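Subject: Structure handover

Hi,

Here is the structure for you to look over. My notes on what turned up follow below it.

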Amino acid sequence: MMKERNLMNISFKLKYEAEGKQFTAHSVYTEHFTLNVKNADRKLNVSINPKTEIKITEFSVKYPYHFKADNRIFVNGYQSWTDSLEYEPDGQMQELSKLTEFLVTKSPLKHIGFSKSGDSLFHKFPRQSGIFYGWSYAYVRNGNKVDLFGSLNERCGYTIITFDVKKDCIFISKDLEGVTYSNEAELLSFTFISDEYDKAFDLYFEQMGVECRENKSRTGYTTWYNYYGNVNEKVVLRDLNSISKLDTKIDCFQIDDGYQNAIGDWLDTDKKKFPRGMKSLADNIHKNGMLAGLWLAPFAGTISSKLYKEHKDWFIKDENGKPYKTGHNWGGFYSLDIYNPDVRAYLKKVFDVVLNDWGYDLVKLDFLYGACVLPMHNKSRGEIMCDAMDLLRECCGDKLILGCGVPLMPAFGKVDYCRIGSDISLGWNPRKHAIREEVSTPHAVCNTIFRRHLDGRAWMNDPDVFLLRDKNIKTDFEQRKLLAKINSVFGSLLFISDNIDEYNNAQLKVLNETFAPKDIKINRAGFIQNDIIEAEYTENGIDYKLKFNVQTGELYS
């Protein structure tokens, strides 16, 4: 485990461009800049004082670390949907296949936005055992003790933490692409914490000054995982009526994608599908004693939207000045430039109507990564994402935000709830030949387990929905019950997406048990062998053990 002396035995590497030439520096002083380094009290701060304009193409800090065979290494994925789990030191990251990497970085798929939700276009995926990387924070665990390595500020650029087991060292690097430095600026603010699992994360968030905005779990319903974009007013009212008759109190009823005429035109409701409009539905939800939730992808716009057709200049552009696709969903979409004053005014209007005129209490804000796919305006991706989250919180005031598809640390303390895994699928099958952010129940479950430390610290965790229905589903009832139990134990936002009127007594029993208030403490959770996860937890004062195969959904206890 980490010793205090290791913090002093660090080395720097910096590649940069200055005066039209490329340079590599291994010291804190050159003819072009001075690095100011503070390394004390298990914190490392590095700022740069340039003597001329420079662009940093690589900046990393290396220090030794002795790994042991029984260590477990956690690396945090780039955004909400990216796989995030613990590895054995001699293991290998295998989530991104060579075929998929080629398709999304070298083939025409690169240009339709297929790879933009992840980091594959600006970070190389490792192809050998014993090398693991993640974003913003990571840890090495030995039993219940962890050495936690964490950025304290991503506004100066995203932080990448790479563990190299064979070389017994850790690299801390920064994504500083797109920034020209001419004045003194912070490059890195980092902390090293050694303690028990929960105490380490408590201290980490204390050092960041981040507090969780919410302190309660919520139950609810969303339209997405039964109807997807084919939702309509009749279906919404039917499911609202059925869920309102439950004995168990439901906190929130959320309408997902499909109510709007086009992605980006959030205030233009599809009148054929929703003839009475969105305010009428919010009023109906309130009459049934629930919070009204609405889905938006606030930065996104498709080519068919009025937003894009009338304001193409509002969207992010590539180096050639052409609109830049930021995702492949809906046939491809573009993202707004949040630094355009007209964009900011437009977003404030949208949220004012949705939250105040229509009366929605919660907004699920999705595909947020699109704001920072490209560095621009002399700002890094990390700074852009931090600014984007500040803007969204300003627009929403004290209303509830459920974040999704967002790089995590910029959203710490900015959203009330946040998705911490990929979308679940209607079956329970391993994800193959797909990007790391693709739909997958096994990957969603892994993230629910291994990102549990964010719950109640950064926000309240959304593990995605559980489904109990018999129709339009590919899992058996035992798998459905297992997912409900995992979400109940590890999550704080428990949503379903079913027509409750179709439930039988067994399904209603599981639903009521899952939605019932609980006092839960996670004592231990992790892989005990290939694909087998075991968790020990205390629920309402009683100790339990949960053991299952994450790839097949088979329960062993």
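Four strands make an open sheet, ordered β26-β27-β28-β29, with antiparallel pairing. The edges are β26 (520-529) and β29 (554-555); each has a single partner strand, so one side of each lacks a neighbour in the sheet. Strands here are DSSP E runs of at least two residues, helices are H or I runs of at least four, and both are numbered from the N terminus. Two strands count as paired if DSSP finds at least two bridges between them. β28 (residues 542-549) and β29 run antiparallel and are joined by two bridges. F548 sits opposite L555 of β29.

Before the rest, some ground rules. This is a predicted model, in which local features need pLDDT of at least 70 and side-chain atom pairs pLDDT 80 or more, while totals for chains, interfaces and linings use all residues. Residues are numbered from 1 along each chain as its sequence is written, and side-chain values use heavy atoms, with hydrogens and water left out.

Salt bridges

The structure has 41 salt bridges. The criterion is a side-chain nitrogen of Lys or Arg within 4 Å of a carboxyl oxygen of Asp or Glu.

R524 and E534 meet through their side chains at 2.5 Å, N to O. R524 is in strand β26 and E534 in strand β27 (residues 532-539), ten residues apart. R524 is partly exposed at 29% relative accessibility. E534 is buried at 11%. The cut-offs are under 20% relative accessible area for buried, over 50% for exposed, and partly exposed in between (1.4 Å probe, protein chains only).

R381 and D175 form another salt bridge, 3.1 Å from N to O. R381 lies in helix α9 (residues 381-396) and D175 in strand β12 (residues 169-175), so the pair ties together parts 206 residues apart in sequence. Both residues are buried.

R469 pairs with D498, with 2.7 Å between the closest N and O atoms. R469 is in the loop between β24 (460-462) and α12, and D498 is in the loop between β25 (493-496) and α13 (505-515). They are 29 residues apart. R469 is buried, with a relative accessible area of 2%. D498 is buried too, at 0%.

There is also a network: R155, D387, D390 and K414 are joined by salt bridges that share partners.

Helix α12

Ten of the 14 residues are buried, leaving α12 mostly covered. Among them are L482, L483, I486, V489 and F490. The buried set also includes Q479, R480 and N487.

What caps the N-terminal end of α12? D476 does, with a side-chain oxygen 3.1 Å from the backbone nitrogen of E478.

Surface patch

V28, Y29 and V37 make a nonpolar surface patch of about 260 Å². Areas come from the Shrake-Rupley method with a 1.4 Å probe; for residues, only the protein chains shown count as cover. Patch residues have over 30% relative accessible area and no salt bridge; nonpolar side chains (Val, Leu, Ile, Met, Phe, Trp, Tyr) are joined within 5 Å, like charges within 9 Å. V37 is in strand β3 (residues 33-40). V37 counts as partly exposed, at 34% relative accessibility.

Best wishes

Notes
A polar contact is a pair of N or O atoms within 3.5 Å; within protein, one must be able to donate a hydrogen and the other to accept it, and residues adjacent in sequence count only if both atoms are side-chain atoms.
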